[in-house]
Amino acid sequence: MDAISFTLSDFHVLKPAVVLCLVGCGILLTDAFLVRRIGQRWLNAVTALVGEAVVAAVLLQYLPDVRSGGSLTGLGGSIVVDGFGVFFNVIFMLAAVLAVILSARYMEAEGEQRGEYYALILFAQAGMSIMATGHDLVVLFVALETMALSFYVMVGFLRDSKRSNEAAMKYLILGAFSSGLLAYGFSVLYGISGSTSLAAIGEAIAGRPALDWIMILALITTSVGLFFKIAAAPFHMWAPDVYEGAPTPTTAYVSVASKAASFALMIRLFVTAYGSVAEAWVPLLAIVAIATMTIGNLAAVTQSNLKRLLAYSSVAHAGYMLLGLVAFSETGLRGIAIYLLAYVFMNYGAFALIAALRRDGEAAEELDDLNGLFGRAPGYTILMAIFMLSLTGIPPLAGFYGKYYIFLALLGEGYYILAVFAALYVAVSAYYYFRVIRACWLGEAAERPASLDMNLGTRTALVASGVLTVLIGVLPQRFIDLAGESVLAALR
Amino acid sequence: MSEHILSIIWLTPLVGMIAVMCLPKESKDLIRYVANGFAVLGLLVTIPMIRAFDSSIGDFQLVERHDWIPALGAQYYLGVDGFGYLMILLTVVVGWLSILCSWSSIQERVKEYYAFFLFLQAGMLGVFMVLDVFLFYVFWEIMLVPMYFIIGIWGGGRRLYAAIKFFLYTLAGSVLMLLGILKLYFDHFEQFGHYSFALEDLLRVAAYTGPEIQFWLFWAFFIAFAVKVPMFPFHTWLPDAHTEAPTAGSVILAGILLKMGLYGLVRFAMPLFPKGATDELTVQLVALLSIVGIIYGALVSLMQSDWKRLVAYSSVSHLGFCTLGLIALNPNGIAGGMLQGVNHGLSTPLLFLAVGIVYDQRHTREIADYGGLANRMPVYTVLFAISLFASMGMPGLNGFIGEFTILRGAYEVSIWWAGFAVLGIVLGAAYLLWLFQRVMLGPITNPKNESVKDMNLREIIVMAPLVAGCFWIGLYPKPCFEILEAPTIKLVERLDPGYFSRNAAEPADEAGQLSRLLPAETPASE
């Protein structure tokens with residue numbers, strides 16, 4: 001193997017990450033030497049958006065090659081850009097764009113408008129980009145850590161806020177612990193197969209006579225490491241604190257993008273490497289999925305803080321997505337993909353509204369702060385209702401199709417009990433999503449009501465999220481096709 | 001145009017909703033005029049449907065079919081038969097009246113109110129005309145949302161509790177139905193190799209699946225519909241929702257939403273899973289629950305001190321008759337059950353409107369606060385009495401025809417069913433007459449009732465069409481039976497192939513099948 005040579009095709013598969021890192025460094029430099037001088041630090045956000053535009057162009061450039069099952073390989077097979085990778089990269093890009101747009105206003109209001117923040121958004125995205133295309137344990141691990149390290153800093157970015165600092169600390173410690181477990185699992189996998197390539201590991205596992213304790217050890221350690229990242233129970237404890245303490249745009253970014261990236265890695269790992277020992281991990285994932293849905297849904301019911309409520313709701317959603325993996329069929333994986341795509345818009349929409357909610361310049365994040373919002377901003381309240389209904393899974397909104405495919409996959413594989421559980425939890429989740437709707441529409445306005453503090457960017461993000469939530473719901477054909485193609489690429 | 005008749009019917013209220021949303025919220029009267037205008041327009045656009053509908057055809061008519069989501073096999077697929085046709089007519093009439101009756105009782109957040117109401121109207125009409133199960137589920141779910149707001153914003157004291165209870169109950173039922181739908185859809189794929197949600201495609205699956213799976217799937221659907229009907233023991237959301245909803249909300253709930261459960265049974269649950277519906281356990285259990293509902297609803301109504309709650313519980317009892325008729329699985333039972341659904345959709349809204357009229361003046365629902373209203377409100381007394389008699393099953397009014405037909409159907413199956421149902425009728429007469437006695441008759445004991453005013457013209461206009469409907473069906477039910485005949489025959493043939501050839505002992509003249517559908521007294525043939 002000519003390990004040293006670095007060709008143009010190697011560069012081609014790395015382009016998104018390279019662009020993101022370069023633009024991120026560019027932001028750091030221009031911020032230090034230019035933007036800070038003229039005092040218009042929102043310009044950093046513009047630079048970041050330019051970077052995203054370039055990434056979009058790169059992804060478009062990939063399209064002809066990955067259509068109908070093609071792929072681009074680079075770096076000796078450790079990175080493969082296929083439909084799956086591109087689909088997830090689109091999700092990351094959308095999430096990052098929305099995060100940048102929301103942050104511009106939010107960080108200004110919090111007095112933490114800094115270039116580093118935008119650079120970190122891009123660095124995290126660079127990591128995620130590789131998480132979705134990597135086919136090698138070492139590459140994947142480095143990508144995962146790139147993402148995670150960026151997030152630790154972003155979560156603690158509100159330096160004067162105790163909660164933000166606490167959240168970052170918690171996230172760092174638990175995150176490092178989970179990364180350690182994951183790295184341990186990876187080392188066992190290397191021991192089993194003598195290779196770091198996912199495909200080779202898959203072959204080695206398939207070639208092993210039976211399921212033995214070493215395999216189980218690898219399975220459990222890697223699974224637990226990933227459960228932490230997607231906030232599956234019982235490894236979800238960090239989520240509520242981190243979601244609450246982090247700057248709201250970061251919360252949205254972590255909840256959507258980090259979850260999507262971790263699921264991308266998880267799908268790759270479980271399909272490519274663990275595909276042959278499905279009977280061992282399916283029960284494990286099923287139990288974890290049920291526990292996750294139970295804890296997420298039941299804990300969300302009693303929350304009074306909006307960000308904590310959405311944190312537990314995101315735990316519950318992770319449970320649903322895990323069920324897609326439990327079904328371990330094309331339909332189930334397609335469900336995860338479409339679920340994540342819908343999740344970008346509905347979750348960002350909800351967080352965008354929360355990010356804009358302020359009273360006397362202070363962030364207002366309690367459920368009660370929404371009281372009587374309808375009287376002050378009817379249009380945005382309608383959007384909020386749409387996001388909540390979509391998160392519940394009411395058709396014809398985007399969130400419905402994720403659940404639709406996951407239920408279909410479970411029934412198709414004969415997991416009736418799991419399907420009934422999952423379906424009934426939809427009704428439970430409706431209760432807390434409707435608490436949000438109730439506060440907006442039926443609540444009595446307080447004496448000093450919180451108001452929405454928006455700029456053009458926030459408005460655009462909100463309206464675009466709303467429009468897409470409805471559009472994916474009413475005309476889902478194209479999005480379903482995209483998700484389907486991407487999943488087929490992963491299974492190939 | 002003619003091929004879009006059904007689309008126009010359900011889209012008209014939706015356009016109305018958008019129009020209302022575009023109006024400034026301060027101009028309340030303008031909003032009211034526009035909303036009522038669209039409600040009337042909604043009535044008028046059914047005229048082409050009435051003209052084009054041919055009740056002698058058993059198949060679906062006025063069909064509209066386009067691809068919607070090819071990846072799922074979901075289509076935009078509309079059509080009506082007799083069941084849907086009657087329900088659509090009922091919906092446009094009751095929907096129009098409930099929008100009209102809100103004119104003065106809704107003073108706050110008028111714009112949202114009418115927007116939600118028109119949205120609800122569109123959703124309900126959609127439910128009664130879709131032939132694609134996926135689209136049906138969409139309409140079925142989406143309709144809950146405006147109803148939640150109507151109860152939650154404009155309802156009575158415990159409105160928040162009632163609204164979320166209504167929502168969660170029905171949602172829990174319908175997600176189970178979703179699983180049933182998906183299982184059926186999957187089975188269809190296994191059997192025929194392509195994905196489709198079209199009703200006619202899914203109907204073909206029944207021939208290939210065994211009784212056990214059909215039993216479970218029937219119940220997955222049945223629970224969703226039973227919650228909506230509502231059937232004992234799934235009825236507990238109903239008294240809260242009906243009592244706390246504003247008058248128009250109660251009217252729509254009682255008049256239309258409950259009928260969706262019945263409609264769902266005859267359109268989807270029963271034909272899709274004939275082996276599940278005719279299963280001995282299913283039949284006995286559903287009949288038992290229906291009878292318990294009839295008796296229990298009546299007994300609880302007797303005990304109510306709240307006028308509106310009494311009417312609400314009476315619905316549990318009356319809908320028990322309907323489900324008993326349906327599960328009798330014979331032509332009389334099914335046609336009677338559906339007709340009684342329509343009857344209930346005419347008479348119970350009348351009762352709720354009657355409560356609303358005095359509630360708007362006195363702001364109390366306690367029966368004990370009234371008494372002797374007949375002395376002050378002559379017109380009201382007459383109309384209220386007619387509503388009671390219609391609801392009670394007085395011959396000459398609609399309730400009698402429906403109950404009688406159901407009893408015939410039930411009697412064919414078991415004399416016990418009919419016996420218990422008759423007991424329910426007696427109890428029904430008891431609580432309704434006792435209510436009349438307590439609120440209308442006697443001297444005025446509460447001085448506040450001295451000043452109550454009789455109905456105004458608008459209120460009379462609201463009630464008049466419903467009263468006319470009660471008399472019409474009561475005196476001349478033949479058109480309704482004719483409309484119900486073809487789909488009923490089709491359904492019975494599907495559930496019990498050979499039913500008609502076995503029971504064709506009497507001369508098979510032209511009106512042969514009709515005569516079995518009609519009550520004995522009504523001359524069937526010219």
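Guide: What follows is a close look at one helix of chain A, α17(A), and then at two places in chain B. Keep in mind that this is a predicted model.

Start where the two chains meet. The contact takes 24 residues from chain A and 24 residues from chain B. Now look at the side of chain A that touches chain B. Three helices of chain A each supply at least two residues to that side: α16 (398–412), α17 (416–442) and α19 (477–491). The largest share comes from α17(A), with 12 residues. What kind of residues make up that side of chain A? By class, 20 are nonpolar, two are polar and two are charged.

Stay with α17(A), but turn to a partner within chain A. Two packed helices are described by the angle between their axes and the distance between the axes. Helix α12 (residues 306–327) of chain A packs against α17(A) at an angle of about 160°, and the axes are 12 Å apart. Angles over 145 degrees count as roughly antiparallel, so α12(A) is roughly antiparallel to α17(A). Their crossing is left-handed.

Which residues make this contact? From α12(A) come Leu309(A), Ser313(A), Ala316(A), Tyr320(A), Leu323(A) and Val326(A). From α17(A) come Leu418(A), Ala422(A), Tyr425(A), Ser429(A) and Tyr432(A). Sort them by class: nine are nonpolar, two are polar and none is charged.

Now move to chain B. Helix α11 (residues 237–244) of chain B is mostly covered, with eight of its eight residues buried. The buried residues of α11(B) include Trp237(B), Leu238(B), Pro239(B) and Asp240(B). Ala241(B), His242(B), Thr243(B) and Glu244(B) are buried as well. What covers them? The cover includes four helices of chain B: α7 (144–154), α8 (159–192), α12 (247–272) and α15 (307–327).

Val379(B) sits in helix α17 (residues 378–392) of chain B. Leave aside the neighbours within four places in sequence, and Val379(B) is in contact with Asp454(B), Met455(B) and Ile460(B). Take Ile460(B) from that list. Val379(B) and Ile460(B) are 81 residues apart along the chain, yet their C-alpha atoms are separated by 8.7 Å.

Definitions and conventions: Residues are numbered from 1 along each chain as its sequence is written. Chains are lettered from A and ligands numbered from 1 in the order in which they are written. This is a predicted model: local features need pLDDT of at least 70, side-chain atom pairs count only at pLDDT 80 or more; totals for chains, interfaces and linings use all residues. Two residues are in contact if their C-beta atoms, placed from the backbone, lie within 7 Å. Ala, Val, Leu, Ile, Met, Phe, Trp, Tyr, Cys and Pro count as nonpolar, Asp, Glu, Lys and Arg as charged, and the others, Gly among them, as polar. A residue is buried if 20 or more other C-beta atoms lie within 10 Å of its own, exposed if 12 or fewer, and partly exposed in between; C-beta atoms are placed from the backbone. Axes are lines fitted to C-alpha atoms, for helices over the stretch in contact, and angles run from 0 to 180 degrees between N-to-C directions. Angles under 35 degrees count as roughly parallel, over 145 as roughly antiparallel, 65 to 115 as roughly perpendicular and the rest as oblique. A crossing is left-handed if the near helix is turned anticlockwise from the far one by less than a right angle, and right-handed if clockwise.
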